[in-house]
Amino acid sequence: MLGLICVDVDGTLVGTGNLVRDDVWAALADARARGVRIALCSGRPAIGNARAYAERLDPDGWHVFQNGASIVNVGSGASLSEAIPEGGLNLLIARAAQTDRLLEVYTDLEFAITKPGDLAERHAALLGVPYEARTPESLDGTVVRAQWVVPRAEEGAVVAEPHPGMDLHPAGSPVMPDAMFISVTRAGVSKGTAVQRVAAQYGLTMDRVMMVGDGENDVTALRVVGHPVAMGNADAPAIAASRYRVAHVDEGGLREAVELALSL
């Protein structure tokens, strides 16, 4: 039996309608009761719905948020997070003003936006937090990540722009299929590096770790674990990085992955 199952949120845990199936919750609870640690491994921040998911999955455990930039123990509040370069953040905020795009700026537990409007309001609802048009300058604490939220047609242009000293992590959500979320972290920070750090906290080697995901931003984690699983709705890069394939998120694919983990 494996020691750690890492679970992406959008398109893996959460399906259409921003819902988690009851049989998925039951399978994850059974795995935790058998001694398997469960770690959320998401692009979302450690607030709102994602925080609630993490606390339900493993209330005294380590979880990965913000594509690896934010690693938080939801029981103790301890953090292993990585700051985004200050110069890079200033560059992104200036570019957001020039291009009139929505840029979100995050600490471990708070976030701000550069452009109020429909995309920002809908994303706040997706995250499960109140919509607040707060400016980046108002944030206290260490900024760990920024995120472009753009129409899907603009993804290519954003990815092609220079982001010196930073890495990009594009992802989508079945809840907002018209938008792309392009996370920006310090260079070298990813879900893959964060999963390795969480496994080390539990004293586990990577051959005892499973990652279940569906998106391009899951690939770094899929590549470092011993048991990479792609959802039936996964993008091509995630499928290519996986060893196993399970059903679509809306058909209980994550339940299948947990059952597989318990059989190994």
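Predicted model: local features only at pLDDT ≥ 70, side-chain atom pairs only at ≥ 80, totals over all residues.
Me: Where do I start, and how many helices and strands does the chain have?

Reply: Start with the elements. The chain has 9 helices and 12 strands.

Me: What share of the residues counts as buried?

Reply: Of the 264 residues, 56% count as buried. The chain exposes about 10,100 Å², with carbon and sulfur atoms supplying 51% of that area.

Me: What should I look for inside, and which residues have the most contacts within the largest nonpolar core?

Reply: In soluble globular proteins, nonpolar side chains tend to be buried together. In this model the largest nonpolar core has 35 residues, and Ile5, Leu13, Leu28, Leu40 and Leu254 have the most contacts inside it. Elements giving two or more residues to this core include β1 (4-7), α1 (22-33) and α9 (253-263). A second, separate core has 23 residues, among them Ala199, Met211, Val225 and Ala238.

Me: Which residues does Leu13 touch beyond its neighbours within four places in sequence?

Reply: Leu13 is in contact with Val7, Leu28, Leu40, Val249 and Leu254, among others.

Me: What share of contacts between residues at least 6 apart joins residues at least 24 apart?

Reply: That share is 59% in this chain.

Me: And charge: how many positive and negative side chains are there?

Reply: There are 22 positive and 33 negative side chains. The centres of the two sets lie 5 Å apart.

How values were computed: Residues numbered from 1 in each chain as written. Heavy atoms only, no water. Core = buried A, V, L, I, M, F, W, Y, C linked by side-chain atoms within 4.5 Å. Buried < 20%, exposed > 50% of the residue type's maximum accessible area, 1.4 Å probe, protein only. Helix = DSSP H or I, 4+ residues; strand = E, 2+ residues; numbered from the N terminus. Contact = heavy atoms within 4.5 Å. Areas by Shrake-Rupley, 256 points an atom, 1.4 Å probe, with all protein chains shown as cover. Lys, Arg positive; Asp, Glu negative; His and termini not counted. Charge placed at Lys NZ, Arg CZ, Asp CG, Glu CD.
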